[in-house]
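User: I am new to reading structures of this kind, and I would like to learn how to go through one feature by feature. Could you take me through the one shown here?

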Amino acid sequence: MEQLYDKNVNCPLCSTKFFTKQVRTKALRLIKQDKDFMPHYQGENPIKYIVFVCPNCGYAATEEKFDFVYGWEKEKILKEVSSKWRKRSYGGIRTLDEAIDTCKLALYVGQLLEESKLYLGSIALNTAWLYRLKEDKDEERRFLNIARKLYEEAYYKEDLLGSNMDEFKLAYLIGELNRRLGEVENAIKWFNIVVSKPNSNLNPTVRKLAVEQWRLAKEGWSNECKVL
Ligand SMILES: [Zn+2]
């Protein structure tokens, strides 16, 4: 069975019809998941294909956002992105560099459209993961740091209702990003938020992860490479 298939997409800005690759759910074989939730699969990793990019106008967003662009947002994209866009397609099998380009574009578009910090954080984290696959540690760190800052803002300022994130999972993730960045004290502070709240038992998987990573941080293991 082919791992990838072509998904038909209509651009909500310029009405161009295009294809973008998606990984068949049935073909996914999870090998492992890193402690910041990065999934590793046998074969193609769907994290390369989360962003749809219109080849004609350059509008880019993840699937759940793609169709929802209105009024002033359209004007803004036309002015800031489309007018400078060199027509090209990301609809084929993507190299890691191409996948990274699509994420950076979606991050730029998302900032222009003032999307939630949670959304922008998830794209920054996805970009960091792609750099991890590429084994580019400097750029991975740079984007882990961007994700960390965005997620911290989301934690303090945004309503997580209706997102795939809850308060504990987000606090845990911020802790883990801090730990990976060598910010041990911050990491411990964030893990403590999860560990110390009795109702974090509502999310036992995250609580267990927080306890494990809290211990690692306490023992001074700021960088996961040392642990493995
Ligand atoms: Zn378009």
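Analyst: The chain has 228 residues, for which a compact globule would have a radius of gyration near 17 Å, and the 18 Å of the chain agrees with that. Taken along the principal axes, the C-alpha atoms fill a box of roughly 55 × 40 × 35 Å. Please keep in mind that this is a predicted model, in which local features need pLDDT of at least 70 and side-chain atom pairs count only at pLDDT 80 or more, while totals for chains, interfaces and linings use all residues. Residues are numbered from 1 along each chain as its sequence is written, and side-chain values use heavy atoms, with hydrogens and water left out.

User: How many helices and strands does the chain have?

Analyst: Helices (H or I, at least four residues) and strands (E, at least two) are DSSP runs, numbered from the N terminus. In this chain they come to 9 helices and 6 strands.

User: Which residues are the protein donors of the zinc ion?

Analyst: Donors are N, O and S atoms within 2.8 Å of the metal (3.2 Å for Na, K and Ca), and since water is not among the atoms, sites may look incomplete. Here the protein donors are the SG atoms of Cys11, Cys14, Cys54 and Cys57, lying 2.3 Å from the zinc ion. Along the chain these donors follow the spacing C-x2-C-x39-C-x2-C. Cys11 sits in the loop between strand S1 (4-10) and strand S2 (17-23), and Cys54 in the loop between strand S5 (51-53) and strand S6 (60-62), so this pair ties together parts that are 43 residues apart in sequence. Cys11, at 3% relative accessibility, counts as buried, and Cys54, at 0%, counts as buried as well.

User: Why is the arrangement around the zinc ion called tetrahedral?

Analyst: Ideal angles at a metal are 109.5 degrees for four tetrahedral donors. Four donors count as tetrahedral if all angles lie between 85 and 135 degrees. The 4 donor atoms around the zinc ion subtend angles of 103 to 117 degrees, which makes the arrangement tetrahedral.

User: In which sense do S1 and S2 pair, and which residue has a positive phi in their hairpin?

Analyst: Two strands pair if DSSP finds at least two bridges between them. S1 and S2 pair in the antiparallel sense over 7 bridges, and Val9 stands opposite Phe18 in S2. Most residues other than glycine have a negative phi. In this hairpin, which has 6 residues between the strands, Ser15 takes a positive phi near 65 degrees, and at 59% relative accessibility Ser15 counts as exposed.

User: How many residues lie between S3 and S4 in their hairpin?

Analyst: S3 and S4 form a hairpin with 5 residues between them, and Phe37 in the turn has a positive phi of about 75 degrees. The two strands pair in the antiparallel sense over 3 bridges, with Leu30 opposite Tyr41 in S4. Asp34 is found in the loop between strand S3 (30-33) and strand S4 (39-41), and counts as buried at 10% relative accessibility.

User: Which residues is Asp34 in contact with, and which does Ser82 touch?

Analyst: Contact means heavy atoms within 4.5 Å. Leaving aside its neighbours within four places in sequence, Asp34 is in contact with His40, Arg132 and Arg180. Ser82, in the loop between helix H2 (71-80) and helix H3 (96-112), touches Leu13, Cys57 and Ile77, not counting residues up to four places away in sequence. One of these, Cys57, is also a donor of the zinc ion.

Definitions and conventions. Tetrahedral: all angles 85-135°; square planar, octahedral: opposite > 155°, others 65-115°. Buried < 20%, exposed > 50% of the residue type's maximum accessible area, 1.4 Å probe, protein only. Rg over C-alpha atoms; globule rule 2.2 N^0.38 Å.
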